[in-house]
Amino acid sequence: MEKTRILVTGGTGYIGSHTVVELINAGYEPIIIDNLSNSNIDVLEGIKAITGVAPIFENIDCKDYTSLDRFFEKYPDIKAIINFAASKAVGESVEKPLLYYRNNLLSLINLVELMRKYKIDNFVFSSSCTVYGQADELPVTENTPIKPATSPYGSTKQMSETILSDSVNAYPNMKCILLRYFNPIGAHPSAEIGELPNGIPNNLLPYVTQTAAGIRERLRVFGNDYDTPDGSCIRDYINVVDLAKAHVNAVQRLVEQKNKKSIEIFNLGTGRGVSVLEIIRTFEKATGVNVPYEIAPRRDGDITQVWADSSLANTELGWKAETSLEETLLSAWNWEMRLKEKREAASK
Ligand code: UFG
């Protein structure tokens, strides 16, 4: 039987590559588009090592309408699009807002226009809990009010959600699922794929693993005077493979027309808030490796705490975060060790 083809934009990126693996495991045929602006072509080998399948890959920038148009002409039988292709560094977005609006919004508009042209009905979008800002009540549900964005990156996520909601209203066949991720961490348990931060990491976990590996001298814990039990910020850290699986469920729901509304929103988190200091302690316990750290001033723009109510995803998507924090942190460490092996092999 022919496999159902799913376009994954940004499919060589961190969450994209893990989703490609889970789509293959579930019997779909993912096709990857990526311009490799924040990922590496070697990721394709990692995907093949895990699944035995080398997915179709096209080096295309989703901002380039003409190339995208040609792509859809070449692959007319795509049933759904999962859109990961976007820039995602909060700090960079403050310095280069136009880059973020151009990358994140133009790509989305091109994709939706071409969905209409090529009669593709189903769209899954990577959104973020950043849209909630510092919520007044925790945990946040999908009905928690959206707060004004605190960065151009956050604005692009909010605007993208609006663009999709307006499009679904206007175009009767279009169906969309918005997935609001909390903090994705970890790597595939095989250590064949994982996060590949460029330069000095902004996010906590790559900074923790690089410090444990001796690449960075000391982790800075941004603030220990927040109104939380240990004074450090609290987030909902979600395993990247668990997160990837939610995309498979979302695609299935759309392709099998089990969606209840033409646009649906799901929070994807564990439901558990974990502080920065707890992450360090749990990492050390899970791996037996020490993480040198110091307390540093608060980081601009950080919210104090957020965690998800994902019960809607549990009941409607049939999805639940399953991997323990210990296992997830260990997977991040194993990936860091694999990167070290690769660096050493390359320098020989
Ligand atoms: N942190 C440190 N030291 C570091 C890096 C981070 O203490 O070196 C702390 C931060 O202050 C924060 C927590 O670790 O309290 C998590 O920080 P991350 O940068 O890993 O994640 P954020 O919660 O700031 O941001 C993430 C994603 C965004 C997304 C946002 C939604 O990176 O894309 O969640 O809240 F928008």
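Predicted model: local features only at pLDDT ≥ 70, side-chain atom pairs only at ≥ 80, totals over all residues.
1. Let me start with a term that comes up below: on a 1 Å grid over the protein atoms alone, a pocket is an open set of points with protein on both sides within 12 Å along at least five of seven lines, a cavity is a set of points where a 1.4 Å probe fits but cannot get out, and lining residues have an atom within 4 Å of a point. Grid points are joined across faces, edges and corners, and a volume is the space filled by probe spheres set on the points.

2. Residues are numbered from 1 along each chain as its sequence is written, and side-chain values use heavy atoms, with hydrogens and water left out.

3. Now the overall build. The protein chain has 11 helices and 13 strands, where helices (H or I, at least four residues) and strands (E, at least two) are DSSP runs numbered from the N terminus. Its radius of gyration is 19 Å, close to the 20 Å that the globule rule gives for 348 residues, so the chain is as compact as a globular protein of that length. That radius is taken over C-alpha atoms, and the rule is 2.2 Å times the number of residues to the power 0.38. Along the principal axes, the C-alpha atoms fill a box of roughly 55 × 55 × 40 Å.

4. Back to the second largest pocket for a moment. Helix α11 (325-347) gives the most to its lining, with six residues, and α7 is another element that supplies at least two. The lining divides into nine nonpolar, three polar and four charged residues. Here Ala, Val, Leu, Ile, Met, Phe, Trp, Tyr, Cys and Pro count as nonpolar, Asp, Glu, Lys and Arg as charged, and the others, Gly among them, as polar.

5. Which residues make polar contacts (pairs of N or O atoms within 3.5 Å) with the ligand? Among them is D302, with a polar side-chain atom 2.5 Å from a ligand oxygen. A backbone N or O atom of L204 lies 2.8 Å from an oxygen atom of the ligand, and a polar side-chain atom of Y153 lies 3.2 Å from one. The protein covers 89% of the 680 Å² of accessible area that the ligand has on its own, using the Shrake-Rupley method with a 1.4 Å probe.

6. There is also one cavity of 30 Å³ or more. About 40 Å³ of space lies in this largest cavity, and its lining is N83, F84, A85, A86, N104, F125, S126 and K157.

7. Finally, two backbone details. The peptide bond from L138 to P139 is cis, with omega near -5 degrees, and P139 lies in the loop between β5 (122-128) and α6 (152-170). L36 has a positive phi, near 60 degrees, in the loop between β2 (29-34) and α2 (43-51). Most residues other than glycine have a negative phi, and most peptide bonds are trans.

Notes. Polar contact = N/O pair within 3.5 Å; in protein donor to acceptor, adjacent residues only side chain to side chain.
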